[in-house]
Amino acid sequence: MSQGANGQRPYIEQAGKHHERMTRIVHFTHSTTKAAGVMLLAAVAAFFIANSPFYPDFLHFWHADVTFGVGGSVHTMSLAHIVNDVFMAVFFLLVGLEIKYEATAGALTDLRQALLPAAAAVGGVAMPIVVFLAFAGGSPAASGWGVPTATDIAFALGILALLGSRVPVGLKVFLSTLAVVDDIIAILVIAIFYGESPDPVWLLAAAGVLVVLALVNRAHVYSLIPYLFLGVLLWLCVFMSGVHSTIAGVLLAFAIPCRTHVNMADFHDWSLRKLRTAKHAFDPDAPVVAQHEFLETVRELSKVARQVVPPATRLEQRLHPWVYFLILPLFALTNADVCLVDGTLGNPFTNPALYGVFFGLVLGKPAGILLVSAIMVKTGLVDLPAGCTWGHMVGAGVLAGVGFTMAIFVANLAFADAATVTIAKAAILTASLVAGVAGFLILFMQARRA
């Protein structure tokens with residue numbers, strides 16, 4: 001082996017170690033259990049700060065105004081609004097990418113397999129509304145009917161992951177698919193019922209940006225830069241239209257390609273030829289920057305290899321750690337600040353939102369999921385998920401009552417009264433804790449009986 005080749009060995013070994021480190025980081029940041037743990041810590045921190053002497057300073061920080069603009073167009077937003085309107089749009093972009101994956105290559109592609117969790121998700125949305133309105137119907141709090149309808153996919157799957165192999169794979173698929181369909185319904189509820197009266201001019205502008213995004217998609221553009229640039233324009237148009245700006249994230253996700261047009265059968269042989277060409281062109285004794293044929297071959301190989309991974313997949317992998325380990329913890333820190341000691345809530349037990357949200361999540365969610373599931377199974381339309389019993393279904397239904405992120409998000413939109421928002425948040429946190437612990441214990445006991 002030449003001295004030049006020997007000189008390359010430390011760099012190859014270093015690259016291998018770097019790859020191993022990056023693989024460990026990816027595994028850590030894609031763990032739903034760890035993500036749920038970080039969000040839980042942020043929520044607990046927000047609760048303790050809200051009931052401490054530091055709460056006024058905490059509020060002053062998050063409600064500090066940030067002004068931005070171009071020319072004569074100037075806008076002011078608080079830090080809390082930046083988290084809820086800008087950062088959460090990125091969260092919804094990731095949700096949209098995950099939904100698109102499930103519809104393209106995941107559980108939603110098999111209609112028969114998806115039928116039970118999809119129908120159960122509808123029941124798990126409808127029954128909490130019935131329960132909520134039974135307590136709050138006819139009161140000023142009735143506008144919050146959408147709060148107990150959503151399942152927090154990160155917390156629910158994170159708790160399920162704690163049980164590991166004790167639960168059947170079929171149950172994990174059922175709960176994952178249910179949560180995805182639940183997210184779709186939640187997005188529709190937010191877009192249709194919890195936005196302001198839309199401005200038709202800005203809506204038309206948003207539609208124009210969507211058309212451009214569709215054309216870029218059809219032109220097989222694989223770079224993420226045009227999509228992200230147009231996504232910022234789309235967010236601005238949706239924000240100015242009065243529709244909640246986070247919906248722009250979902251719309252952008254649906255416009256980003258999730259397929260590759262590289263012929264994989266030809267790519268294998270083509271890449272081997274290019275590697276051989278690069279090997280023959282490389283001179284170990286010459287500076288790499290001077291080896292034009294080698295660099296051009298490697299550049300062409302790199303360009304095509306990047307197109308093998310669809311843009312939607314690349315973006316999802318990059319967003320996942322930022323969303324679950326930064327954006328959602330920030331959202332929890334900003335929105336889980338339930339203050340119980342300042343006396344501004346009055347008597348929360350007289351507010352029907354407290355009971356509607358709590359019982360909607362703890363009772364309405366599992367009741368709707370199990371009722372629809374029982375009807376579907378007993379009529380012979382579908383079978384229970386592979387390896388599952390009705391005990392497993394009860395546990396999954398109870399776990400679906402963990403409604404942390406989406407429920408708090410909807411509560412901020414649904415209630416105009418600050419005290420009612422705080423009471424609803426308290427009900428969400430309490431219900432999510434009860435549902436999470438109860439669901440875990442039900443599934444744990446079910447595993448011990450097996």
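I searched the whole structure for cavities and got one of 30 Å³ or more. For me a cavity is a set of points on a 1 Å grid over the protein atoms alone where a 1.4 Å probe fits but cannot get out; grid points are joined across faces, edges and corners, and a volume is the space filled by probe spheres set on the points. The model is predicted, so local features need pLDDT of at least 70 and side-chain atom pairs pLDDT 80 or more, while totals for chains, interfaces and linings use all residues. Residues are numbered from 1 along each chain as its sequence is written, and side-chain values use heavy atoms, with hydrogens and water left out.

The largest cavity holds about 70 Å³. I listed its lining (residues with an atom within 4 Å of a point) and found, among others, F91, D152, D183, Y324, L328 and T405. Helices α4, α6 (153-162), α13 and α16 each give two or more residues to that lining; helices here are DSSP runs of H or I, at least four residues, numbered from the N terminus. By class I get seven nonpolar, two polar and two charged, where Ala, Val, Leu, Ile, Met, Phe, Trp, Tyr, Cys and Pro count as nonpolar, Asp, Glu, Lys and Arg as charged, and the others, Gly among them, as polar.

Next, the largest pocket (an open set with protein on both sides within 12 Å along at least five of seven lines), at about 920 Å³. It has 36 lining residues, and H81, N84, N335, N412 and V421 sit closest to its centre. Which helix gives the most to the lining? It is α17, with five residues. The lining divides into 18 nonpolar, twelve polar and six charged residues.

Then I checked how α13 (311-335) packs on α16 (404-414): about 50°, axes 11 Å apart. Axes are lines fitted to C-alpha atoms over the stretch in contact, and angles run from 0 to 180 degrees between N-to-C directions. The pair is therefore oblique, meaning neither under 35 degrees (roughly parallel), over 145 (roughly antiparallel) nor 65 to 115 (roughly perpendicular). The contact (heavy atoms within 4.5 Å) includes L328 and N335 of α13 and T405 and N412 of α16.

Last, α5 (111-136) on α7 (169-193): about 50°, with axes 8 Å apart. That makes α5 oblique to α7 too. Their contact residues divide into 13 nonpolar, two polar and one charged.
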